[in-house]
Number of protein chains: 2
Amino acid sequence: MNRRERVSEVMRTGQRRLIEAFERVDGFGRFLEHDWERPGGGGGWARSLEGGRVFEKAGVNMSAVHGKHVPPSLAKQHPEAEGKPYFATGLSLVLHPLNPFVPAFHANFRYFEVGEAGDEGELWWFGGGADMTPNYPFEEDPVHFHRTLRALCERHPQADYPAMKETCDRYFTVRHRNEMRGVGGIFYDELSPPGQGSFETDLAFTEDGLATLIPAYLPIVERRKDMPFGEREREWQLYRRGRYVEFNLVYDRGTLFGLQTQGNIEAILMSMPPYARWEFDYHPEPGSAEARMLEFLQPRDWVGVHAEVAAAHSDGTGR
Amino acid sequence: MNRRERVSEVMRTGQRRLIEAFERVDGFGRFLEHDWERPGGGGGWARSLEGGRVFEKAGVNMSAVHGKHVPPSLAKQHPEAEGKPYFATGLSLVLHPLNPFVPAFHANFRYFEVGEAGDEGELWWFGGGADMTPNYPFEEDPVHFHRTLRALCERHPQADYPAMKETCDRYFTVRHRNEMRGVGGIFYDELSPPGQGSFETDLAFTEDGLATLIPAYLPIVERRKDMPFGEREREWQLYRRGRYVEFNLVYDRGTLFGLQTQGNIEAILMSMPPYARWEFDYHPEPGSAEARMLEFLQPRDWVGVHAEVAAAHSDGTGR
């Protein structure tokens with residue numbers, strides 16, 4: 001197998017396992033298959049679940065596209081790729097849980113090749129990331145999430161958790177609100193610089209990353225999914241999802257790239273929440289859990305000394 | 001009074017009359033006052049109604065801002081203004097009705113001055129527009145709306161309805177969906193080219209335009225607001241509002257300009273609907289009213305011969 005076939009196999013396996021894990025925790029909803037072809041070359045395997053018991057809306061999509069000339073947005077980031085043929089494959093997932101106490105979750109793993117060298121590209125690189133968006137300030141949730149991602153990075157020398165965490169904090173900022181979309185995670189444009197890394201070790205990180213999504217996120221789902229909630233929590237969740245929409249439509253590079261290039265609109269906008277709301281000049285009651293959540297939306301060290309102390313003192317209620 | 005004071009007076013009067021008219025038809029909701037100041041110069045008088053009987057969420061905002069150098073987005077459209085001081089004032093309104101059979105409505109009237117000449121600008125021009133976004137295909141509603149706007153234009157020789165209608169069709173297109181946000185209306189960047197029009201006649205058009213919003217829209221509200229509806233119509237309304245959000249956050253120049261320049265976020269995002277939803281790969285049942293609505297979302301002659309025939313044959317149910 002050439003490189004792109006090996007990456008595709010890892011991603012397909014990852015997609016299948018993630019879907020199985022999410023269906024198991026949901027216990028009711030099923031992912032439906034929506035395969036699509038891209039007129040310019042390639043296509044995708046979208047998998048979408050709606051109306052589950054745990055997940056109100058979820059998507060786990062894979063796509064693989066290729067073309068004769070790298071698109072402008074890619075050339076902008078990688079000038080050395082301009083005008084060359086390219087291949088890009090990726091797996092993206094977005095989960096919007098029903099229970100407002102369960103965080104939303106997003107992850108993306110991608111692989112690029114540009115140029116031609118036999119049946120492979122001259123240059124290749126991996127990108128990716130994972131971030132979590134809670135609505136309520138349970139300290140132990142981001143602490144667990146970040147610790148699991150830090151441990152992933154520590155298993156792979158080329159993965160720098162502090163740098164990837166900082167990139168994530170910066171990337172997932174709703175700039176016009178001066179707040180993050182959630183509590184961050186990790187994000188990297190290039191796991192190793194194009195042409196300078198080891199394909200084997202970078203593929204191994206990607207495989208481990210895909211597998212690590214489950215222990216990073218599902219324990220949090222398990223401990224929150226049956227917490228009782230009412231209209232107040234639901235309305236706050238929908239309000240926070242409005243910010244999620246603002247981020248994705250105004251700032252998210254992948255979304256804007258997809259819309260500009262007339263990609264598969266439904267797969268691109270799979271990230272949209274099932275319901276969202278906006279209210280003019282809304283401010284949660286000072287001191288409430290909703291107001292305290294805003295403190296979580298600024299960059300914070302979730303795994304250092306501060307986090308250890310916070311986790312030890314947390315009463316686990318988040319309210 | 002200098003020019004900017006005269007425009008401000010016309011807009012303030014327009015704002016007051018529109019608010020009175022919308023409160024009267026609502027019969028319950030009241031507009032609350034949210035005044036704000038802009039650190040760089042100027043401010044705004046936002047008026048917001050939420051939870052009305054007819055209007056689920058409505059905003060009628062006025063702002064007047066000035067600065068030493070025209071912002072980049074304005075200079076891009078008007079290179080002759082680059083580097084000069086500017087003054088901009090405008091009135092924007094967005095109405096999101098509760099009943100899915102009542103169209104959403106948006107209008108904006110704006111005035112710019114650049115350069116300095118005594119207490120006025122060297123160059124000035126007016127911009128504006130009004131567009132309507134129904135969820136159900138009642139032919140007589142866009143026919144009435146467009147006829148009223150055409151009659152407005154016919155009262156003012158400098159206003160070219162066909163050109164303004166075409167600009168509106170083009171502007172309010174959700175390009176990644178290849179559909180319009182609604183049934184359009186009129187839109188113009190410059191009522192007369194900067195420095196070439198008559199201030200008096202352009203101000204008179206603006207004043208007449210503000211007054212015409214009421215007969216253009218309220219009769220449609222009156223005939224739809226008490227139509228019974230259920231979950232199906234509500235869900236379709238929220239789905240269509242998702243497209244409204246997509247347009248405003250991805251394409252609307254005013255929204256993006258506001259977000260980029262860190263304007264008053266709440267006033268800028270007043271246009272967001274109270275609730276919206278997204279569903280993966282949703283298609284209304286063929287032949288249903290919801291499916292037929294999609295035919296309304298392509299540019300169409302609403303006032304010509306075709307429209308006359310359609311209106312005469314309409315059974316008025318739209319379903």
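A polar contact here is a pair of N or O atoms within 3.5 Å; within protein, one must be able to donate a hydrogen and the other to accept it, and residues adjacent in sequence count only if both atoms are side-chain atoms. The side chain of A:Ser271 makes one with the side chain of A:Asn248, at 3.0 Å. Before going on, note that this is a predicted model, where local features need pLDDT of at least 70 and side-chain atom pairs count only at pLDDT 80 or more, while totals for chains, interfaces and linings use all residues. Residues are numbered from 1 along each chain as its sequence is written, chains are lettered from A and ligands numbered from 1 in the order in which they are written, and side-chain values use heavy atoms, with hydrogens and water left out.

Let's stay with A:Ser271 for a moment. You'll find A:Ser271 in the loop between H8 and S10 of chain A; helices (H or I, at least four residues) and strands (E, at least two) are DSSP runs, numbered from the N terminus. A:Ser271 has 7% relative accessibility, so it counts as buried. Buried means under 20% relative accessible area, exposed over 50%, and partly exposed in between, with a 1.4 Å probe and protein chains only. Leaving aside residues up to four places away in sequence, A:Ser271 touches A:Val94, A:His96, A:Tyr244 and A:Asn248, contact meaning heavy atoms within 4.5 Å.

Now for the sheet in chain A. Seven strands make an open sheet in the order S1-S2-S3-S4-S5-S6-S9, with antiparallel pairing; two strands pair if DSSP finds at least two bridges between them. At the edges are strand S1 (32–37) and strand S9 (184–188) of chain A, each pairing on one side only. From one strand to the next the twist averages 10°. Angles run from 0 to 180 degrees between N-to-C directions, and axes are lines fitted to C-alpha atoms, for helices over the stretch in contact. Inside the sheet, strand S4 (residues 86–97) and strand S5 (residues 104–114) of chain A pair in the antiparallel sense over 10 bridges, and A:Leu95 stands opposite A:Phe105 in S5(A). Helix H1 (residues 3–26) of chain A lies across S2, S3, S4, S5 and S6 of chain A, running at about 10° to S4(A).

Chain B has its own open sheet of seven strands, ordered S1-S2-S3-S4-S5-S6-S9 with antiparallel pairing. Strand S1 (32–37) and strand S9 (184–188) of chain B each have a single partner strand, so one side of each is left without a neighbour in the sheet. Have a look at S5 (residues 104–114) and S6 (residues 123–133) of chain B, which run antiparallel and are joined by 11 bridges. There B:Phe109 stands opposite B:Gly128 in S6(B). H3(B) lies across S5, S6 and S9 of chain B, at about 30° to S9(B).

On to the charged pairs. A salt bridge is a side-chain nitrogen of Lys or Arg within 4 Å of a carboxyl oxygen of Asp or Glu, and the whole structure holds 56 of them over all chains. One joins A:Arg232 and A:Glu290, at 2.5 Å from N to O. A:Arg232 sits in helix H6 (residues 231–250) and A:Glu290 in helix H9 (residues 289–293) of chain A, so the pair ties together parts 58 residues apart in sequence. A:Arg232 is partly exposed at 48% relative accessibility, whereas A:Glu290 is buried at 3%. In chain B, B:Arg224 bridges to B:Asp141, with the closest N and O atoms 2.8 Å apart. That pair links helix H5 (residues 199–224) to helix H3 (residues 140–154) of chain B, 83 residues apart, and both B:Arg224 and B:Asp141 are buried.

So where do the two chains meet? Chain A puts 33 residues in contact with 32 residues of chain B. Together they bury about 2900 Å², 61% of it on carbon and sulfur atoms; buried area is the accessible area (1.4 Å probe) that two parts lose on being put together, summed over both. A:Glu266, A:Trp278 and A:Phe280 supply 28% of the area that chain A buries against chain B, more than any other three residues. Two salt bridges are counted between chain A and chain B, and A:Glu266 forms a salt bridge with B:Arg177, the closest N and O atoms being 3.0 Å apart. H6(A) gives the most to the side of chain A that touches chain B, with seven residues.
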